Amino acid sequence: MIVRRTVRWLDDRLGATTFTRQALTKVFPDHWTFMLGELALYCFVVLVATGTFLAFFFVPSPNEVVYRGSYQPLHGVEVSEAFASVMRISFDVRAGLVIRQAHHWAALVFLAAIVAHLSRLFFTGAFRRPRELNWIIGVTLLLLALFNGFSGYSLPDDLLSGTGLRIAYSIVLSIPLVGTWLAFLVFGGEFPAPDILSRLLVLHIYLVPLAMAGLITAHLAIVWRQKHTQFPGPGRTETNVVGSVLWPTYAARSIGLLFAIGALVAAMGGLLQINPIWIYGPFIPEAVSSPAQPDWYVGWLEGGLRIFPAWEVELFGFRIPNPFFPGVLLPAVTFALLYAWPFLEARFTGDRAEHHLLDRPRDRPLRTAIGVGVLTFYSVLLLAGSNDIIARFLGVPVTGVTAVLRALVFALPVVTALAAHRVMRALRDTEARGILDLPTGRRERPVAS
């Protein structure tokens, strides 16, 4: 009785019943691509849960200790406390290896889901007015996720991650005028600096996740306020949403996705080995692991560094080092164009109207062609990040592989963009259901009677 009176008292003053009723009857589109954003959200939940577990055992210290753990091949070897703590997680903490590998797999899927979600928004025009702000939030989330993935990848202080940090240090140093000061500020001294692991840990488990959580909350609030977009179809207009109500249909589907993602990532953590630092060994400044490749989400940066020619530019008396162009300028241009795209398209098309119905890729052949070409460009760079592994697999010199990739990085995006434009125009003009339904242009010969 007291509980009922308390609830009624709160409802009388807050109007919670009305809000709850409206919330539970909110309609969500049924198309499967709308679940990509939730896939990223639930990967973030898994990352927070597994990362919290790992934080109890990780020691972000570069101080040297003698390894005395369960992994006998490294027994008696001098390693950093950070490396030793990750080895302890992997071999001595109950379920530690499963949780650590699940955390790593969840990070890979998380970045893939964000990229897929942003691609869906791009190809369907879901970034147009009034959703430019949510596009900017999504791009910022991608940027933060890239940084947090790299920072987490660098924490174990093994040979592979240490090499990645050395590359990052060189990239920061290559920035004209402020590179030296910025490298000292970020790393805390000349590489290998003693403070970098503790600084990365604070960023990785506190600052960046909190920023991402705030952006995700803002993103969801804006989606809730502006309502969902939807594909054109019977009964669908700019002013309504056709689909499933939040409760119970959509909620059951969304919760099912959460458990499916958790189960899949846990299975991957238990069955698929990833980042076996005991094979790489502890980081030694004068050693470099090869053949080696980073996680896929920074592979395009690695690829740019590997295939960029050995050019340096002198400007106003300052020499711009080689790593600056693929390591700083390329990502800066990439994200600047991503942030500006909604406004660039509105400027060049003159379309500043509100849109709640999505485009099909065939409806905008030029936009689709640009998107396909850009994705091809970064896919070739991603492939270039493994040029040493490709060369070893094919049994050819790595210089030959690099030369081919240098040609492909410019030629292949043009080819795929032109092909995509032609196919999209054909689909739009013929209203064919799919590529296989396009007319071939062959005329049937009449059969003689």
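This is a predicted model: local features need pLDDT of at least 70, side-chain atom pairs count only at pLDDT 80 or more; totals for chains, interfaces and linings use all residues.
Q: Is Phe318 buried, partly exposed or exposed?
A: Phe318 lies in strand 6, residues 318–320. Its relative accessible area is 46%. Buried needs under 20% and exposed needs over 50%. Phe318 therefore counts as partly exposed.

Q: Is Asp12 buried or exposed?
A: Asp12 sits in helix 1, which spans residues 2–14. Its relative accessibility is 60%. The cut-off for exposed is over 50%, so the class follows. Asp12 is exposed.

Q: What distance separates the C-alpha atoms of Asp12 and Ala49?
A: Along the chain, Asp12 and Ala49 are 37 residues apart.

Q: How is helix 6 oriented to helix 9?
A: Helix 6 covers residues 132–154 and helix 9 covers residues 196–226. Their axes are 9 Å apart, at an angle of about 160°. Angles over 145 degrees count as roughly antiparallel. Helix 6 is therefore roughly antiparallel to helix 9.

Q: In which hand does helix 6 pass helix 9?
A: The two helices pack with their axes 9 Å apart. Helix 6 passes helix 9 in a crossing that is left-handed.

Q: Which orientation does helix 15 have to helix 16, and what is the hand of the crossing?
A: The axes of helix 15 (residues 387–394) and helix 16 (residues 398–430) come within 8 Å and cross at roughly 120°. That angle makes helix 15 oblique to helix 16. The crossing is right-handed.

Terms used. Residues are numbered from 1 along each chain as its sequence is written. Side-chain values use heavy atoms; hydrogens and water are left out. Helices (H or I, at least four residues) and strands (E, at least two) are DSSP runs, numbered from the N terminus. Buried means under 20% relative accessible area, exposed over 50%, partly exposed in between (1.4 Å probe, protein chains only). Axes are lines fitted to C-alpha atoms, for helices over the stretch in contact, and angles run from 0 to 180 degrees between N-to-C directions. Angles under 35 degrees count as roughly parallel, over 145 as roughly antiparallel, 65 to 115 as roughly perpendicular and the rest as oblique. A crossing is left-handed if the near helix is turned anticlockwise from the far one by less than a right angle, and right-handed if clockwise.
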